[in-house]
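Work through the exercises below with the sequence and the 3D structure at hand. Each task is followed by a solution in steps.

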Amino acid sequence: MDRQVLLRRIMATGDDVRRLEQDLIALQSVDVVDFPDNYSSLAHQAASRGEFIVRKLRELVYSTTNISWGKLLEDTANNLGITVGCDGSGIVEITLPCLIPIRKKKSTDFITAPLYAALERFVLSSGQPAENPFERFTHCTICITHVYNKELFGKGRQRDHDNIEVRGIINVINTFLLTDDSENLCNIFYTSDVSDVDMTRITIMKKDIFPEWLLGYKK
């Protein structure tokens, strides 16, 4: 890439960072109790600008270095705190650092892309030889737990389970962990919990061990 073009792209990103700083300064001056609409608008503007800056930086790194897109997404998964693990009974648990967006309002691309990288790393590092790869779930139950920040719980934030955008996330999980996500092979169970932060836990298990898992969860 021409050096002048590169410098212009870097300077433009610097301008966006300064605008984000101004957004945050403006956000500090708004009373969230007395002017919730103004606060929401400014907070959304700051978050959107921050996402835009991150996307531009990823594209800049990808187009000007030898770092692969997969490596960038893997780093994103680490930075976001996306985790994938498997216990001794074969249950796989995925942790996402956010609540799943409401259908028709927000895209899940911001989480499905790094989730793809995290699941790919999990499968490749499962310790199984190439001729005997990670065994995919056939008849399974997927439990989606909406974990709410306890300080904000009960303020109209509880999700309607019929109105969340899980399709993209299930498609990514299907790519690596399932033989098929059709309803005759895969059941989906929804529940809620509270913690110190918002998050989503996705637990995948064989259908026959779900009743025992559910009993332990309720206790």
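**Exercise 1.** How are H4 and H5 oriented to each other: roughly parallel or roughly antiparallel?

*Solution.* This is a predicted model, in which local features need pLDDT of at least 70, side-chain atom pairs count only at pLDDT 80 or more, and totals for chains, interfaces and linings use all residues. Residues are numbered from 1 along each chain as its sequence is written, and side-chain values use heavy atoms, with hydrogens and water left out.

Step 1. Locate helix H4 at residues 109–124 and helix H5 at residues 167–177. Helices are DSSP runs of H or I with at least four residues, strands are runs of E with at least two, and both are numbered from the N terminus.

Step 2. The two axes come within 10 Å and cross at roughly 15 degrees. Axes are lines fitted to C-alpha atoms, for helices over the stretch in contact, and angles run from 0 to 180 degrees between N-to-C directions.

Step 3. Angles under 35 degrees count as roughly parallel, over 145 as roughly antiparallel, 65 to 115 as roughly perpendicular and the rest as oblique. H4 and H5 are therefore roughly parallel.

**Exercise 2.** State which residue classes make up the contact of H4 with H5, then describe Thr 112.

*Solution.* Step 1. Contact means heavy atoms within 4.5 Å. Residues in the contact include Leu 115 and Leu 119 of H4 and Val 172 and Phe 176 of H5.

Step 2. The classes are 11 nonpolar, three polar and one charged residues. Ala, Val, Leu, Ile, Met, Phe, Trp, Tyr, Cys and Pro count as nonpolar, Asp, Glu, Lys and Arg as charged, and the others, Gly among them, as polar.

Step 3. Thr 112 lies in H4 and touches Gly 168, Ile 169 and Val 172, leaving aside residues up to four places away in sequence. With a relative accessible area of 12%, Thr 112 is buried (under 20%; exposed is over 50%, partly exposed in between, with a 1.4 Å probe and protein chains only).

**Exercise 3.** In what order do the five strands form the open sheet?

*Solution.* Step 1. The order is S1-S2-S5-S3-S4, with mixed pairing. Two strands pair if DSSP finds at least two bridges between them.

Step 2. Strand S1 (83–86) and strand S4 (186–195) are the edge strands, each pairing on one side only.

Step 3. Strand S3 (residues 140–149) pairs with S4 in the parallel sense over 10 bridges. Cys 140 has Cys 186 in S4 as its bridge partner.
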